[in-house]
Amino acid sequence: MPFGYHGCYLRIDVSDGSVDRIPIPETVLRQFLGGSGLGVWLLLQEGDPAADALAPASPLVFAFSPLVGSPLTTSAKFAVVSKSPLTNRINDSLASSGFAIAGKRCGCDAIVIVGRAAAPSALIIDDGRVSLHIVEHLRGASCQITEAAVKERLGAGYQVASIGPAGENAVRYATISHDGRHAGRGGSGAVLGSKNVKAIAVRGTQRCEWAHPRELTEISRDLSKKSFGPATAKYRELGTAANLLTFNRLGALPTRNFQSGTFDEAVSISPEEIRTTHSRTRASCVACTIGCEHIYGIGAEPGVRLEYESLFALGSLCGVSDPDAVLRASRLCDELGIDTISAGGTIAFAMECVQRGWLDESWLTFGSGDAMLRAIDLVGRREGVGDLLAEGSRRAADVIGHDSIAFAPQVKGLEIPGYEPRALQTMALGFAVGARGADHNRSGAYEVDFSDKVDRRHATLEAVRYAIETEDKAALMDSLILCKFLRGVFADFYAESADMLQQVTGWDATADELRETARRIVGIKRRFNLMAGWTRDEDTLPPRFLDTPLPSDPAAAINRQQLEALVAEYHRQRGW
Amino acid sequence: MRVELLGLPRERAGVAELELEADTLGQLLTALAIRFPSFNELISVDRLRPSFTANLNGDRFISDPATRLTESDSVLILSADAGG
């Protein structure tokens, strides 16, 4: 077995509490590494891609990686992989911090959960010993209360991941929360909830050894030093929320359900403005030297971590300019365990349906912070219109009718992040072909749009190879696993990644090998999707984006033929 | 011409925008580096460092120092990384 791995995974059936420790061949580890790559491989081993995502037999995988537990900065990460109940396609969501380290110290490279517990339960894994504790008293508790209660009951040393009411209620975009962060997209919280597991607690003592500890320490020191430099300064000093005014200036800030690329009141919810009226502190994940988290206070209320994606989705996308409403909405999503992007996207879609007279919820209007907060609460509890909106914008459009699907802001069912596709057309391609749907974490194609390599408002076939490069790079980072905010510090990403992997595992890994690995990981996600029923016509954007130029910038237009040509070229270059 | 500073460049300069005269992008960046010593982090001679980028009039991104500018142009200086 290579260094850096335990060489096995735990398969836990929560129906009867049975546990198997199953070996993973070294060839598989080398081919798929860990995180997203290993998680998808395990999902294919353990489950049927065609089965219902919320069926007891459908697996939920927590996958660690060879770098977890190493001194490499940002390596304390884990991937949660399952079939998405929102998209019915592959879903891999990543989160950070102590859960990754403690989980790996349980003596496994991944945890696969199947079955359904008889009562709401906490799954406890103590150094590889598994037990289920009934936590009926935590039914309906927030993610944070659940995590704290389980930790208090178990005592020191445990790291806990939990779901909130949204996961219990099968909200299709429910999250799994740990230490204030979320495996956020695609509804992994609903999958855990479908297994009647409210929380997972992990603690362990089994460390992996490194092949070349001295060299690894040197590389780690160098990487940490670089992580303090200008490539990460934006995240450290301003956080991702700094995107807001930039995107607004470029006409790329999704506003009022993508009816505009500019928001007149953007300044009022910008971090530059909010920090003048609200307290701000910084935080970071375990084993991270970047420290990108910016937490804003609202008077005496608990602070709220604010990211660009939450800011756009709960702000401009819903037309809300009250910063306190946006901060409270972000916190409410955190407590309920809801993906802020899908929440904002689905609520903004509903607001437009109300505007058109197609949804009889007159209170749900663009610009109303109170309405947005009420809608989020209803979604988390699946009450009233919240029961419909908990299904996501695509399913809601099917119910509302009136061809509202044309402006449901989703690809494959996953709501579109804060990058206006007509104004950022390499990203538009990335969204269209994304295996888990519209996604800015699996495709970093916006990087290309923010360069002089392409015309961001008129993508040509030249953009395709760049989009593929960013997708491959993301697949590798999500499998090693390293934080994407590090990407700017590498002079030669593949060569430097190979060096890290060599020092950890002892493999003679090369840059070319890792390029091939990245493509293999993208490919296995596609394989899952094919087995789940994917067809090529899913690789597109909603009609709104193809039929209508961006009203705030008529030069930002991409028609159906243009997108189809880009997608066809993407498939050709992928060899699919 | 107008120079608009966004994100980190705005933090470093302490202003959101200013007026400068320059015939090319390279001249503009050199002038900015002189005006704001803290821009050493952003600018190397007449080019932006890799973590930063320039945009012309909110339309296209530019990097060649020889790019011609006119008096009516607006040049945006911003972070190159748009990760959210």
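Select A:G401, the residue that follows helix α16(A): its phi is positive, near 75°. The model is predicted; local features need pLDDT of at least 70, side-chain atom pairs count only at pLDDT 80 or more, and totals for chains, interfaces and linings use all residues. Residues are numbered from 1 along each chain as its sequence is written, and chains are lettered from A and ligands numbered from 1 in the order in which they are written.

Next, select α16, residues 393-400 of chain A. Helices are DSSP runs of H or I with at least four residues, strands runs of E with at least two, numbered from the N terminus. A:S393, A:R394, A:A396 and A:A397 are buried (20 or more other C-beta atoms within 10 Å of the residue's own; exposed means 12 or fewer; C-beta atoms are placed from the backbone). These residues lie on the same side of α16(A), because they cover an arc of only 160° around the axis, taken from the directions from the helix axis to the C-beta atoms. Turn to the face away from the buried side for exposed A:D398 and A:V399.

Now move to α17 (residues 425-433) and α19 (residues 462-480) of chain A, whose axes come within 10 Å and cross at roughly 60°. Axes are lines fitted to C-alpha atoms, for helices over the stretch in contact, with angles from 0 to 180 degrees between N-to-C directions.
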